Amino acid sequence: MRGLAGKRVLISGGSSGIGAATARRFLEEGARVVLTGLDQAEADATVAGLSALGEVHGLAGDVSLEADVDRLVGGAVQELGGLDVLVNNAGTAWREPFLEITPAHWDRIMAVNLRGMFLVAQAVARHLVAQGTGGVILNMSSTNGLGGEADYAHYNASKGGVLLLTRTMAVELGKHRIRVNALCPGYIQTPLNASISAGLDGDFVSGYERDHIPLGRAGLAEEVAAGYAFLASDDAAFIHGTELVIDGGQLAIM
Ligand SMILES: NC(=O)c1ccc[n+]([C@@H]2O[C@H](COP(=O)([O-])OP(=O)(O)OC[C@H]3O[C@@H](n4cnc5c(N)ncnc54)[C@H](O)[C@@H]3O)[C@@H](O)[C@H]2O)c1
């Protein structure tokens, strides 16, 4: 991928799943990485597994909290001497029928997936504008931001919000040479999905793959990491204010 070598990259939610695979991919491309997660021990373990590939640091904090976001973004700027790319990836999900969602559960999903996305994006964008170099911000949405999967009303609403946040940021930040795009993965094998499907019938995953995904399988975290790397690279220099769907054809089904 062109233009990623030497780039200073902050990956929120980089301690696990898609974010950890993305940290690996950016390191393989020669970038310098700070990854974050909710849990310092998990971030440290992921860093330990990647450090042979290049410069990588791990920080912990909750993206829904302003003080934590200031500390995480400030820490990343300090570790890397500035920033060029934000992979705004941290998020959470759980299944819950619409009729049973409590206001507290609604608020938590929104706080992490939409407020957290906004807080991290704004803190990094302010840094990029002050730095004056331009940059790239990639926000994690989902196919659930484009279609209404049952039992995920709060999650779907948060990910739909990420798409309009992304477009609005693109409109406002283009003049600062900050490119902003979103990713919409479908069903990807990660610890998050493993914990969700653990509570369902044994054959849920194979039935889901057969009935909902034309390619007949779940995606891999590495296949989403490749999308992040492409959108951050110079090969995507004129791609701005849109989303990349990576779903094995799931949204193509009528
Ligand atoms: N797995 C999928 O099928 C899929 C599909 C579409 C979108 N996504 C999105 O991809 C992103 C990563 O998901 P994943 O499947 O790799 O999950 P994961 O659980 O493996 O990783 C989630 C990461 O986010 C961090 N995180 C969670 N809550 C946080 C908080 N409050 N503050 C800071 N960090 C927090 C975790 O520490 C971890 O590093 C999420 O935004 C998710 O919604 C996942």
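Biologist: Is R210 buried or exposed?

Modeller: In this predicted model, R210 has a relative accessible area of 62% and is exposed, because the cut-off for that class is over 50%.

Biologist: Which residue forms a salt bridge with R210?

Modeller: The partner is D211, with the closest N and O atoms 3.0 Å apart. D211 has a relative accessible area of 46% and is therefore partly exposed.

Biologist: How many salt bridges does a search of the whole structure find?

Modeller: The search finds 11. One of them joins D235 to R2, and here the closest N and O atoms are 2.8 Å apart.

Biologist: How should I class the accessibility of D235 and of R2?

Modeller: Buried means under 20% relative accessible area and exposed means over 50%, with partly exposed in between. D235, at 32%, is partly exposed. R2, at 60%, is exposed.

Biologist: Which residue forms a salt bridge with D68?

Modeller: R71 does, and the closest N and O atoms of the pair are 3.6 Å apart. Both residues belong to helix 3, and because they are three residues apart, about one helical turn separates them. D68 counts as buried, at 18% relative accessibility, while R71 is partly exposed, at 43%.

Biologist: Let us turn to the backbone. How do I read the phi of D151?

Modeller: As a general idea, most residues other than glycine have a negative phi. In D151, phi is near 70°, a positive value in a residue that is not glycine. D151 sits in the loop between strand 5 (135-140) and helix 5, and its relative accessible area of 27% makes this residue partly exposed.

Biologist: What is the phi of R177?

Modeller: Phi of R177 is near 60°, a positive value, and R177 is likewise a residue other than glycine. R177 lies in the loop between helix 5 and strand 6 (178-185). With a relative accessible area of 55%, R177 is exposed.

Biologist: Where is C184 found, and is C184 buried or exposed?

Modeller: C184 belongs to strand 6. Its relative accessibility is 0%, so C184 counts as buried.

Biologist: Which residues make the nonpolar surface patch of about 220 Å²?

Modeller: L146, V245 and L251 make that patch. V245 is placed in strand 9 (residues 243-246). At 33% relative accessibility V245 counts as partly exposed, and V245 can belong to a patch because the cut-off for patch residues is over 30%.

Biologist: Which residues line the largest cavity?

Modeller: The lining consists of L10, S12, T36, V63, L72, V73 and V120. Strand 1 (8-12) and helix 3 (66-80) each give at least two residues to this lining. By residue class, the lining holds five nonpolar residues, two polar and no charged.

Biologist: What is the volume of the second largest pocket?

Modeller: Its volume is about 200 Å³. Two elements give two or more residues to its lining, namely helix 4 (103-131) and helix 5 (153-173).

Biologist: Which residues line the second largest pocket, and how do they divide into nonpolar, polar and charged?

Modeller: F118, A121, Q122, A125, R126, L165, T168, M169, E172 and L173 form the lining. Six of these lining residues are nonpolar, two are polar and two are charged.

Technical notes: Residues numbered from 1 in each chain as written. Predicted model: local features only at pLDDT ≥ 70, side-chain atom pairs only at ≥ 80, totals over all residues. Heavy atoms only, no water. 1 Å grid on protein atoms, 1.4 Å probe; cavity = no way out; pocket = protein on both sides within 12 Å on 5 of 7 lines; lining within 4 Å. Points joined across faces, edges and corners; volume = space filled by probe spheres on them. Helix = DSSP H or I, 4+ residues; strand = E, 2+ residues; numbered from the N terminus. Nonpolar A, V, L, I, M, F, W, Y, C, P; charged D, E, K, R; others polar. Patch = residues over 30% accessible without salt bridge, like charges linked within 9 Å, V, L, I, M, F, W, Y side chains within 5 Å. Areas by Shrake-Rupley, 256 points an atom, 1.4 Å probe, with all protein chains shown as cover. Salt bridge = Lys/Arg side-chain N within 4 Å of Asp/Glu carboxyl O. Buried < 20%, exposed > 50% of the residue type's maximum accessible area, 1.4 Å probe, protein only.
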